[in-house]
Amino acid sequence: MSTVTDKTPASAPPGKNGAGGGDGLLQLMLDGMRRNMRQYGMLMALGLIVALFAVWTDGDLLLPRNVSNLVLQNSYILILAIGMMLVIISGHIDLSVGSLTAFVGSMAAVFMVRNDLPWPVAVVLCLAVGAIAGAVQGWFIAYGGIPSFIVTLAGMLTFRGLTEIFLEGQTLGPFPRGLQKVANGFMPEVGPETNYHNLTLLLGLALIALVVLQEVRDRRRQKEFDLDVLPAKLFLLKLVALASAVLVVTMLLASYKGAPIVLLILGVLLVGFGYMMRNAVIGRHIYAIGGNLPAAKLSGVRDKKVTFLVFLNMGMLAALAGLVFAARFNAASPKAGLNFELEAIAAAFIGGASMAGGVGTVLGAIIGGLVLGVLNNGMNLVGVGTDWQQVIKGLVLLAAVGFDVWNKRKVGS
Amino acid sequence: MAGPVLEMRSIVKTFPGVKALSDVSLTVQRGEVHAICGENGAGKSTLMKVLSGVHPHGTYEGEILFEEEVCRFKDIRASEQHGIVIIHQELALVPYLSIAENIFLGNEHATRGFINWNETLRHATELLRRVGLDEHPETRVADIGVGKQQLVEIAKALSKKVKLLILDEPTAALNDEDSGKLLDLILQLKEQGITAIIISHKLNEIRRVADSVTILRDGRTIETLDVKAPETSEDRIISGMVGRDLEHRFPERTPHHPEEGTAPALEIRNWTVHHPIDQQRKVVDDVSLTVRRGEIVGIAGLMGAGRTELAMSVFGRTYGRHAGGTVLKDGKEIRTKTVPEAVGHGIAYVTEDRKHYGLNLIDTINRNISLSALGKVAKRGVVDEHQERQVAEGFRKSMNIKAPTVFEPVGKLSGGNQQKVVLSKWIFAGPDVLILDEPTRGIDVGAKYEIYTVIDRLAAEGKAVVFISSELPELLGMCDRIYTMAAGRLTGEFSRAEASQESLMRQMTKDKEVSR
């Protein structure tokens, strides 16, 4: 996958292309960055925040144990942010995901704690419940023509209420060990004793190989179609940058207990949904209905079906987040998932979504979610109270979107 | 005339990367109607934005003198205080407020923040009488037609004690009747001493109302002509706009004479459509027509004749409530109840309103072109981006879309280039029948010629083309056959030889009074 530097900076004037001198290279990189200002901007902001807290916490932030923790702590918000990004790109909003997360958690407890169903069966059932809940809301929005804000606001109240009814106001647990292992555990230890986690290392190397292979294949295809490609030097630089980024994270994780299983799930979701939004027909249709609904309709896009599916998908991801959350705390609580919808929405907007729809990427949602996550984690380590954390996160959201608006105005459209 | 009321000297305006105005000077005499024309992107609108303070003083070079006084407007309010009022192409009215509320929006008759309704209504009534609009001032703006809305804009300008009225393509969205009224009003206001600048693509309009015309090209003033002088012909103005002598405004085409016997590519029989809200009203009433392969068939009609409604209701029932009628493709009856069905049967509809119904303005050229036929560049639901890009590059070259790359957002292109993207999109879908709804609206002469060439080429390739247009000369120049519509009904059919502006117009205005 080549998600960050996806747009080939084809703006390079044809004359300069072959030369590949130092000057031209720099120019090309700057051009590419200007093109994807929002993504690079947020990536740099994330880097800055990480660096800031790394210094502030005397390096505690980047301790392998803490990186693992960070992933686990934020996994449910990141899962929700992926779905939310799709919803917002399609020009809608979903306020119900926090309540739905809690509702599915309560269903999980009902299935596994009260009725002793085997956990894999319960997981499938829970995902189905989420999908149905999402589908019902999606039906009202797409076919009933009721604004998503209203439908999901109703959903937010309804699901929260149902959660309390199912749990009778109590906290219910514990969950079977198998599920706990998936939500809290790490990949198994195999092979000879090294100082690192072998499987994680292997996985990291495989990922690097995959990235390189994909990039090379992409480049060959571009040449096949007679399109401009990055000059060889810059292409190499890009490969090295991508590979080393993956390597750093891999080493960090491998020097503790290895990669959390939830991280793998997240990785699959990121790659899968990222690929879908960029390359699949349905992804294009989601961008099209968010960008200009009447034009999409007149182009033959089945807008109602697409909207319906987007909400069905959101429901399923909310169910996944609910399972991970419940299993992590080993209990279903009526107060679970409070304000998750707002965190997910904030993550999407920090990551480059637009109120009007039609804009945004899945990677952006993850970056936005990580910005919030690192802020949370870092501020906890430094000892900032939750009161001030809220204030700071609010200001970061305002600043991120404000920067984007200012940047657009400066470019002049 | 007492000398110039306005002088703009050597105006230079640059946007990041683009020089929109490189050296424009404009002199407008007191009490005249001064037309400005030029191709899209020539800098007309930018110049007017500089004048009205949309681009504030300091963001451009050069000097503006209004009534012998140097002006440095910092915003629109400042220019309005001097009596310069601009009416934009897209009207700036709030649909759910009344006419009176709109007229005095931002300029209310109020004491200590509370509106004086009696004074508001009295003044509004007076202004409406002045512009000749017979509506109650408390009517909602949403409930009156575009032509009347335009008059409300002018009333609003009058309320600001306008001395110089700037109209940016005021008749672009109006039918001939409303256009005529508006032009009369401009002449009437001129009698009352109001100077007007009118930006227009329509040369007959310029000849009718303007005293002089300034031609812009590529951000420069080319010349100012006296419209009343005998040597200022339409061709003279056009050659100034495009910088070359335009001998032919339409491509040379050999009229198509379809062979008898074969079934027409598209046939519509007894098609009737009701208004989506007012379901008693027939918007399209028992229309039957045919188009053969290789043929360009025009549909002429005034605004409200039901041409767009006919096309959109056939194309996937995207307008109105269908009441009856059948569609036949190559002699066989087909279902076109949804857009995918219509596209599947090889029908394409290129909208008259490209910004709202044709393009995703925030998306790139390549993604807009592929949208209606993504399947062609996708395998098993996955789009091949490289192939898609190659397709788009192909259209960029063959359609002469002026953009550095196909990754440019279409919102940044000029109107003519946007239209070429919409056309590319539907050509890529590979239809047999193309319904083109006002394909040259709001685009400049040069781009028009390019679009005509494309249409001609499509017909030569054997596609059936339905050409809906309000500009009779272009229908006469391009079509093999022309239908006329009035008030939802087909009122005539003309071969290329029989058709003339007069004969078409007679049928287009037929029955209008009777059916009301």
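# A tour of chains A and B

Both faces of strand β21 of chain B are covered: B:V433, B:I435 and B:D437 on one side, and B:L434 and B:L436 on the other, are all buried. A residue counts as buried if 20 or more other C-beta atoms lie within 10 Å of its own, as exposed if 12 or fewer do, and as partly exposed in between, with C-beta atoms placed from the backbone. The model is predicted: local features need pLDDT of at least 70, side-chain atom pairs count only at pLDDT 80 or more, and totals for chains, interfaces and linings use all residues. Residues are numbered from 1 along each chain as its sequence is written, and chains are lettered from A and ligands numbered from 1 in the order in which they are written.

**Stop 1**

Select residues 433-437 of chain B, the extent of strand β21(B), where five of the five residues are buried. In a regular strand the side chains alternate between the two faces of the sheet. Helices (H or I, at least four residues) and strands (E, at least two) are DSSP runs, numbered from the N terminus.

Two strands are taken to pair if DSSP finds at least two bridges between them. Here B:A348 stands opposite B:L434.

Next, display residues 464-469 of chain B, strand β22(B), which is joined to β21(B) by five bridges, also in the parallel sense. B:D437 has B:I468 of β22(B) as its bridge partner.

**Stop 2: an open antiparallel sheet in chain B**

Four strands of chain B form an open sheet in the order β14-β13-β16-β17, with antiparallel pairing. Which strands stand at its edges? They are β14(B), residues 282-291, and β17(B), residues 332-334; each has a single partner strand, so one side of each is left without a neighbour in the sheet. From one strand to the next the twist averages 15°. For such angles, axes are lines fitted to C-alpha atoms, for helices over the stretch in contact, and the angles run from 0 to 180 degrees between N-to-C directions.

Strand β16(B), residues 321-329, pairs with β17(B) over three bridges in the antiparallel sense. B:V327 can be picked out opposite B:I334 of β17(B). Then select B:D330, in the loop between β16 and β17 of chain B. Its phi is near 50°, a positive value in a residue other than glycine. B:D330 is partly exposed, with 17 other C-beta atoms within 10 Å.

**Stop 3: further backbone features**

Most residues other than glycine have a negative phi, and most peptide bonds are trans. B:E67, in the loop between β4 (61-66) and β5 (69-70) of chain B, is not a glycine, yet has a positive phi of about 50°. B:E67 is partly exposed, with 14 other C-beta atoms within 10 Å.

Move to chain A and select A:G173 and A:P174, which are joined by a cis peptide bond with omega about -10°. A:P174 lies in the loop between α7 (148-167) and α8 (177-184) of chain A.

**Stop 4: where the chains meet**

How many residues does each chain bring to the contact? Chain A gives 28 residues and chain B 33 residues. Two residues are in contact if their C-beta atoms, placed from the backbone, lie within 7 Å. On chain A, highlight α9 (198-224), α12 (281-291) and α13 (293-298), each of which supplies at least two residues of the side that touches chain B. The largest share, six residues, comes from α12(A).

**Stop 5: chain B as a whole**

Zoom out to chain B, which has 18 helices and 24 strands. Its C-alpha atoms fill a box of roughly 70 × 50 × 50 Å along the principal axes. Buried residues make up 48% of its 516 residues.

Finally, select B:S25 in strand β2(B), residues 18-29. B:S25 is partly exposed, with 15 other C-beta atoms within 10 Å. Leaving aside neighbours within four places in sequence, B:S25 is in contact with B:M8, B:R9, B:S10 and B:T221. The C-alpha atoms of B:S25 and B:A373, which are 348 residues apart along the chain, are separated by 47 Å.
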